[in-house]
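Biologist: Hi! Could you open the model and walk me through it?
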Amino acid sequence: MMFTGKMNTISSYMSTSDKATAKKDTDTATPEQEEEAADTPDAQTSAEQLDFVLTDQNGKQVSLGDYRGKVIFLNFWATWCPPCQRELPHIQELYEKYRNSDEVAVLTVVNPGGQEKSAEGIRTFLDEHAYSMPVLFDDGSMYYYFQITSMPTTFMIDKNGKPFGYIKGQLTPDMMENMIQQTLSGKK
């Protein structure tokens, strides 16, 4: 079950993001201390740091801060990654479903250059597959901030602009929808 990803349907669905909370010792913190820590400048800075401004595949500047008030499905992928290639059609469908939503935004992130294709190569890849979901071109800063070490990796960002949770690996359409619903409800 671990190999197919079905283990996620049995265990905790999304891993909690360290970026979602202020730094604290969870083994010794009381609920009152945890609530107080959420109001610290470190916790507020965490949300402010998510105001990345990147260029999308159409040359448009996109700011994550523009999506405050919406849940963000944020998928990191690469053209050379077979699991990414298998899940991209489902992400396109998800984007089409939520394109005009007031509650949910679907964004993807690539890092042109190095092992990845150039920005032009990525645009060609997107055109060949008729993908129109927003693809943000990262300079490495988002990959570094989110500590992306494998692809695909999908983060859920809550309505306040804070990371809610993440999953490494290929997702099914049901898993994607479940992640969105969990983030909307605020319950994992």
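Biologist: Which residues line the largest cavity?

Modeller: Leu50, Leu64, Tyr67, Arg68, Lys70, Ile72, Ile157 and Gly161 do. A cavity here is a set of points, on a 1 Å grid over the protein atoms alone, where a 1.4 Å probe fits but cannot get out, and lining residues have an atom within 4 Å of a point. Keep in mind that this is a predicted model, where local features need pLDDT of at least 70, side-chain atom pairs count only at pLDDT 80 or more, and totals for chains, interfaces and linings use all residues. Residues are numbered from 1 along each chain as its sequence is written, and side-chain values use heavy atoms, with hydrogens and water left out.

Biologist: What volume does the largest cavity have?

Modeller: About 60 Å³, where a volume is the space filled by probe spheres set on the points, with grid points joined across faces, edges and corners. The count is 1 cavity of 30 Å³ or more.

Biologist: How does the lining divide into nonpolar, polar and charged?

Modeller: The lining has 5 nonpolar, 1 polar and 2 charged residues. In this scheme Ala, Val, Leu, Ile, Met, Phe, Trp, Tyr, Cys and Pro are nonpolar, Asp, Glu, Lys and Arg are charged, and the others, Gly among them, are polar.

Biologist: New topic, the sheet. What is the strand order?

Modeller: The order is β2-β1-β5-β4-β3-β6-β7, an open sheet of 7 strands with mixed pairing. Strands (E, at least two residues) and helices (H or I, at least four) are DSSP runs numbered from the N terminus, and two strands pair if DSSP finds at least two bridges between them.

Biologist: And which strands stand at the edges?

Modeller: Those are β2 (61-63) and β7 (163-168); each has a single partner strand, so one side of each has no neighbour in the sheet. From one strand to the next, the twist averages 35 degrees. Angles run from 0 to 180 degrees between N-to-C directions, and axes are lines fitted to C-alpha atoms, for helices over the stretch in contact.

Biologist: How many bridges join β1 to β2?

Modeller: There are 3, and the two strands run antiparallel, with β1 covering residues 53-56. Thr55 has Gln61 as its bridge partner, and Val53 has Ser63. The two strands form a hairpin with 4 residues between them, and Gly59 in the turn has a positive phi of about 85 degrees. β1 also pairs with β5 in the antiparallel sense, over 2 bridges, and there Asp56 stands opposite Leu136.

Biologist: What about β6 and β7 at the other end?

Modeller: They are antiparallel too, joined by 5 bridges, and Met156 has Gly165 as its bridge partner in β7. Their hairpin has 5 residues between the strands, with Gly161 at a positive phi near 85 degrees. Gly161 is also one of the residues lining the largest cavity.

Biologist: Which strands does helix α3 lie across?

Modeller: Helix α3 (residues 82-98) lies across β3 (71-76), β4 (104-110) and β6 (153-157), at about 145 degrees to β4. Contact means heavy atoms within 4.5 Å.

Biologist: How many salt bridges does the structure hold?

Modeller: It holds 3, counting a side-chain nitrogen of Lys or Arg within 4 Å of a carboxyl oxygen of Asp or Glu. One of them pairs Lys97 with Glu177, with the closest N and O atoms 3.1 Å apart. That pair links distant parts of the chain, from Lys97 in helix α3 to Glu177 in helix α6 (residues 173-185), 80 residues apart.

Biologist: Last one: which peptide bond is cis?

Modeller: The bond from Met151 to Pro152 is cis, with omega near 0 degrees. Pro152 sits in the loop between α5 (141-145) and β6.

Notes. On a 1 Å grid over the protein atoms alone, a cavity is a set of points where a 1.4 Å probe fits but cannot get out, and a pocket is an open set with protein on both sides within 12 Å along at least five of seven lines; lining residues have an atom within 4 Å of a point.
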